[in-house]
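Let's walk through this structure together, from its overall fold down to a few individual residues. Keep the viewer open as you read.

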Amino acid sequence: MPLTDVAPLEASTEIAAPPAAVWALVSDLRHMPRWSPQCAKTFLRGGEMKVGAKMVNVNRRGLLVWPTQGQVVDLVHEQRVAFRIKENWTVWSFELEPTATGTRLTQRREAPKGISDLSVKLTNRVLGGVDDFTVELQQGMQQTLAKIKADAER
């Protein structure tokens with residue numbers, strides 16, 4: 001039985017750079033390993049970022065390594081990029097909003113169809129449980145945004 005009624009995870013930061021500069025970074029998901037504490041590698045199949053594009057991620061936590069498959073489900077120039085993870089059904093996104101001083105960047109993880117039973121079982125058995133892993137993901141989002149901010153403000 002999938003885990004339902006999953007609250008979205010969200011983190012935001014203000015970046016002193018225009019949306020075009022931030023978009024140039026976050027719209028290419030192959031950059032994720034530079035920023036994310038969990039993503040070790042991202043391979044974009046076909047090389048072109050567009051809705052429907054597929055990718056393979058190699059994730060890591062200490063010595064534990066696992067792959068996931070993603071697909072871009074939304075791509076709006078300088079506004080939003082989102083991808084769904086096949087194994088757990090979650091949708092990860094970056095949203096950009098122009099501000100008076102640059103860009104507000106929000107990273108979000110949503111589970112509109114819940115989280116797959118397989119993912120819940122593996123998270124409970126291998127990653128310390130859903131609650132602890134959720135806290136880890138929230139902290140990872142903050143780290144990811146801080147690194148994107150540093151790259152964009154160079």
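The protein has 4 helices and 7 strands, where helices (H or I, at least four residues) and strands (E, at least two) are DSSP runs numbered from the N terminus. Read from that end, the elements run β-α-α-β-β-β-β-β-β-α-α. The radius of gyration is 15 Å, close to the 15 Å that the globule rule gives for 154 residues, so the protein is as compact as a globular protein of that length; the radius is taken over C-alpha atoms, and the rule is 2.2 Å times the number of residues to the power 0.38.

Before going further, a word on what you are looking at: this is a predicted model, in which local features need pLDDT of at least 70 and side-chain atom pairs count only at pLDDT 80 or more, while totals for chains, interfaces and linings use all residues. Residues are numbered from 1 along each chain as its sequence is written, and side-chain values use heavy atoms, with hydrogens and water left out.

Along its principal axes, the C-alpha trace spans about 45 × 30 × 30 Å. Of the 154 residues, 44% count as buried, meaning under 20% relative accessible area, with exposed over 50% and partly exposed in between (1.4 Å probe, protein chains only). Take contacts (heavy atoms within 4.5 Å) between residues at least 6 apart in sequence: 51% of them join residues at least 24 apart.

Now for the largest pocket, which holds about 880 Å³ of space. Here a pocket is an open set of points on a 1 Å grid over the protein atoms alone, where a 1.4 Å probe fits, with protein on both sides within 12 Å along at least five of seven lines; lining residues have an atom within 4 Å of a point. Grid points are joined across faces, edges and corners, and the volume is the space filled by probe spheres set on the points. Of the 42 lining residues, Q38, N59, W66, F133 and L137 lie nearest the centre. Helix α4 gives the largest share of the lining, 10 residues.

T123 sits in helix α3 and is buried, with a relative accessible area of 8%. Leaving aside residues up to four places away in sequence, T123 touches G128, G129, V130 and F133. D5, by comparison, lies in the segment before β1 (9-15) and counts as exposed, at 81% relative accessibility.
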